[in-house]
Structure formats: structure tokens, C-alpha cells
Amino acid sequence: MVVFTNGEKAMQVLPPLIDFIPEARLNLAIYHLQRGETEDAFALIDSIDPSAPQEYILKATVNATIGQSKGSARALRTAQTHFQAVGSSPSECDTIPGRQCMASCFFLLKQFEDVIVYLNSVKSYMCKFFSLAQWQFMHD
């Protein structure tokens, strides 16, 4: 319901569910990130010990955002570690999200040549996706 109303009811629906449905906490953190409420997103995600790629990616993204906005080296290291965990895992290393994670990891390490290598490896897939998304948007 929250997804289909552009998040309008996120603050009514998700908070009571975060202790019962793990995805509610993740979705609420995404909601806060989209609204630029990085501290609220961080408060929700900081205590999570990630076990799935999506959890690692979200925790890395929140930490990267906090690290860059606050100048926190600790948050940037956490982000880099979580991006690397996904991007180097055998089950994710050859997926688009895995390669994007490695690009993000290298970006945080300021290894921009490696960023380009990883982004170029998914470029053709992303271009197809964005072309399709643009076409669908224009024809809706």
C-alpha cells in the first residue's frame, strides 16, 4: 500500500511493523533516504547486522551518504566494506548489483580507473534498461 501511494502513508504503516517484518525497517530507511532524512535512515539501519545483499547495499548506501555529508571516515569505511562484501561475494560478483557495488567501493577508495572498469562492464545492460524505461515513461 505504501509503495503505491508514493510513500504518503509510510510513517503510519511502517513504524509499527519494524519489529515484526524485517523488510519494514529497510523500506522505512529507504523512505527516509529518498526524503533526504539521512540521520533517520541511519538510526534505523545502524543496528542491522546485514545477511542479504540488499541489506548490505542499503547499509552501505546509508553509511556512504552519512560519511560524505558529515565527513565521517568511519561511515565511509563501513560503506566501502559493505559494498566490497557484496561485490566480491561469489554469488554476486558477476551480477549488475555486484559490479555496481564494486564500482561504489572503488569510488570511495578514490580508485577511479577501477570504477570505470566496473561501470563499463554493466554499461550495455544499463543503457538497455534506461532506454526501455524512457520509452515506457513517454508512452504511459
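Modeller: Burial comes first: a residue is buried under 20% relative accessible area, exposed over 50% and partly exposed in between, with a 1.4 Å probe and protein chains only. Phe106, at 14% relative accessibility, is therefore buried. This is a predicted model, where local features need pLDDT of at least 70 and side-chain atom pairs count only at pLDDT 80 or more, while totals for chains, interfaces and linings use all residues. Residues are numbered from 1 along each chain as its sequence is written, and side-chain values use heavy atoms, leaving out hydrogens and water.

Biologist: How many aromatic pairs does the structure hold?

Modeller: Rings of Phe, Tyr and Trp (its six-membered ring) pair if their centres lie within 6.5 Å; planes under 30 degrees apart are stacked, over 60 edge-to-face, and the rest tilted. The structure holds 2 aromatic pairs. In one, the ring centres of Phe106 and Tyr118 are 5.7 Å apart and the planes meet at 35 degrees, so this pair is tilted.

Biologist: Which helices hold Phe106 and Tyr118?

Modeller: Helices are DSSP runs (H or I, at least four residues), numbered from the N terminus. Phe106 lies in helix H6 (residues 96-108) and Tyr118 in helix H7 (residues 112-138), so the pair ties together parts 12 residues apart in sequence. Tyr118 is partly exposed, at a relative accessible area of 23%.

Biologist: What kind of pair do Phe107 and Phe112 form?

Modeller: Phe107 and Phe112 are edge-to-face, with 5.4 Å centre to centre and 70 degrees between the planes. Phe107 is partly exposed, with a relative accessible area of 43%; Phe112 is partly exposed, also at 43%.

Definitions and conventions
Helix = DSSP H or I, 4+ residues; strand = E, 2+ residues; numbered from the N terminus.
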